[in-house]
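This report goes through one structure, from a single residue out to the chains. The sequence and model come first.

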Amino acid sequence: MADVTHTPSMTLLDRLDEAAIASAAPSQTELMRELRIKGRPGWTSNLPPSLAAFVTNPKGMTGVIVLLGLILFSLLGPVFSEYNPQRRAGKPHVAPSYEHVMGTTRMGKDVYTQLAYGSRTSLAVGFGAGLAAALIGLAVGISAGYFGGRIDDVLTFLVNVVLVLPGLPLIIVIASLVDSAGPLVIGIVLALTGWGWSARTIRTQTMSLRTREFILAAELMGERKWRIILKEIFPNMLSFFMGGLVLGTISAILAEAALSFIGLGDPNAVTWGTMLYWAQNNMALQVGAWWEIWPPAIAIMLTGAALVMINFAVDEITNPQLKASRKIGRIRRFLARRGRSADVF
Amino acid sequence: MTYILRRVAFYLAAFFVAVTLNFFIPRIMPGDPSARIIASFQGRLNDAQVEAIRASYGTTGSLWEQYIGYVGQVLRMDFGISTVQFPEPTSSLLFYGATWTLVLVGIAIALAFLIGTMMGIHAAWNRGGFFDSVFTPINVMLNAFTPAVVALLLFYAFSLQLQWFPLGRAHSTGLVPSWDPQFIGNVLYHATLPVLSILIVSFGGWHLGMRNVMINLLNEDFVILARAKGLSDRRVRYRYVARNAILPQITSLALSVGFLLGGALVTEQVFNYPGLGKFTVTAIESRDYSFIQAQLLLLTMSVLVANLLSDIANVILDPRLRKG
């Protein structure tokens, strides 16, 4: 039996050809299929590029869906409850049952009702404080980066002080002086102490932007400064603003929970933090009433996880090398399968 | 050297801002501490007593005189008498608590930084691989779990249910603090769960930070040159890429000290650990303002010192800073 590929009739040239075909670079469609890289779906072509990059990012969209679910729950959840979150609704520490889906607290309050109303307050404080902090950071960052000089010196000093002052202890001082710090007070204080990071990032980005030609062109055309800031600089800061918003919201939600947990919040308000505070105070775990701890704990963890996913997506948009790194693993495995060295990456 | 001096000047200014805030916040709030205490006696005090209480809180004289008096007190580390642990001076209570918090937060920061950074190096080097795509998101999500929840769960599982670890305190009663191995072992045993709960919520940040900076550095020319020269993977990874990526990490390490001290507050509350946070919560409950204010100053001071140390470390590691 003759070897089919190495028949004596095959010339050396033929064999070289064959080898070249075997090792030839695969076509683009082949490569994309093998690497599981999909082109951008057609419907995103009308969206601005950074938004299109976000909606096609699986991590980011998972985060958005979970977050929307939580917001929907906080809006609609209370509708499905017949109880008042602040009032006794049954016997103390009833295990989850038909009447009390998530059981009752030591005080006999319905846990589901508390969770639903508490989500409203906690999410509102978190997003409110996060948004306010991101807006302050945006304003300070753009002003410092664009105007430069004396204004920059003063603002940068302010930013550095805000970054260095420990937030939570400062909030404790303020909150302990107000008789009982309700969610609104906590939100305001968190907004005022939480804008340092986004101001710093946006200042750096603005500084690198302001020497670019299109800004120069706008200045030479005699555009007014506030117009340049709003029309030319702000759109380029959108993804950094989003990043600041997400991080600010995470830290506000965590800080609200921590403050309420140590008893600085208004004990009559219903938030995830105060739910944990009462559960800890009433030794819920020690007496085995796990249903008093888990619902607010899971709510906080889910919110945090969703926001982190969104932040991953925002990071990949502002820092394209991170996005590319996701595919590098596949490319390496692909090269290894073809017997090539993967060391070039 | 001028760089370090500039930083020291900034930290002094920042500390001054903290002292000033500490002075003005109670005075712009409705109902200052002394008024609150005087009100709690419901008019049973004579004028001299009222004056004495005001004087002990420094609310006599003009605002400017009060301010000068307060700054003087702070510089002498004199924070008045604690109203909770009367007649213990606030500062001795403060330093006792700070010692234990330092044990907790010190161990936790060191471990979190080490573990997170090593994981970040590994994830960045094998970016897009299994470890990176699975553990990077998970670790960062752990970062967004509140210390309260993690501490409660650990306490429930290991202290209450399995009873592997104690229910509270920094060391067993009856042991006298000393440097002998038995005592140190006992302290570490009591610190295990509190440290673990701070660790769990903080190492993800170092992982992500290190990974992201390293990924950006991996495409720099000097890294490509190093590989083209045929240097070993190990050498490129640690001496070239990680060494440069660690610089911003050290800066954020110092900035995170404040955040971690805040986390310790909650953890100490759950594990009944006699640190600064535990005393602060007691002080909040009993409205011991002098303690609450003093803890802010002490924490600010420790954050500033941490920042100064990180600046010095950066100067040692980064020759570019030595010129400016």
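Leaving out residues up to four places away in sequence, Ala258(A) touches Leu168(A), Thr146(B), Pro147(B), Ala148(B), Gly262(B), Leu265(B) and Val266(B). Contact here means that the C-beta atoms of two residues, placed from the backbone, lie within 7 Å.

Ala258(A) is also among the residues with the most contacts inside the largest nonpolar core, together with Ile171(A), Leu276(A) and Met214(B). That core has 166 residues. H11(A) supplies its largest share, 18 residues. A nonpolar core is a set of buried Ala, Val, Leu, Ile, Met, Phe, Trp, Tyr and Cys residues joined through C-beta atoms within 7 Å. Buried means 20 or more other C-beta atoms within 10 Å of a residue's own, exposed means 12 or fewer, and partly exposed lies in between; C-beta atoms are placed from the backbone.

## Basis of the model

The model is predicted: local features need pLDDT of at least 70, side-chain atom pairs count only at pLDDT 80 or more, and totals for chains, interfaces and linings use all residues. Residues are numbered from 1 along each chain as its sequence is written, while chains are lettered from A and ligands numbered from 1 in the order in which they are written.

## Chain A overall

Chain A has 14 helices and 0 strands. Helices (H or I, at least four residues) and strands (E, at least two) are DSSP runs, numbered from the N terminus. Of the 345 residues in chain A, 43% are buried. Among its contacts with a separation of 6 or more, 67% join residues 24 or more positions apart.

## Helix H9 of chain A

H9(A) has 14 residues, which at 1.5 Å a residue should span 20 Å; the end C-alpha atoms are 20 Å apart, so the two agree. The expected span is 1.5 Å times one less than the number of residues. Its buried residues include Trp197(A), Ile202(A) and Arg203(A). Helix H5 (111-147), helix H6 (149-164) and helix H11 (225-261) of chain A are among the elements that cover the buried residues of H9(A).

Thr204(A) lies in this helix, residues 196-209. It counts as partly exposed because it has 14 C-beta neighbours inside 10 Å. The C-alpha atom of Thr204(A) is 37 Å from that of Ala297(A), 93 residues apart along the chain.

## Where chain B meets chain A

Chain B gives 50 residues to the contact and chain A gives 48. On the chain B side, H12(B) gives the most, with 9 residues. By class, that side has 30 nonpolar, 16 polar and 4 charged residues. Ala, Val, Leu, Ile, Met, Phe, Trp, Tyr, Cys and Pro count as nonpolar, Asp, Glu, Lys and Arg as charged, and the others, Gly among them, as polar.

## H10 and H11 of chain B

H10(B) and H11(B) pack at about 80°, with axes 7 Å apart. The pair is therefore roughly perpendicular, a term for angles of 65 to 115 degrees. Axes are lines fitted to C-alpha atoms, for helices over the stretch in contact, and angles run from 0 to 180 degrees between N-to-C directions. Ala264(B), Leu265(B), Glu268(B) and Gln269(B) in H10(B) meet Gly277(B), Lys278(B), Thr280(B) and Val281(B) in H11(B).

Asn272(B) sits in the loop between these helices. Its phi is positive, about 55°, although it is not a glycine. With 15 C-beta neighbours inside 10 Å, Asn272(B) counts as partly exposed.

Note on methods
Angles under 35 degrees count as roughly parallel, over 145 as roughly antiparallel, 65 to 115 as roughly perpendicular and the rest as oblique.
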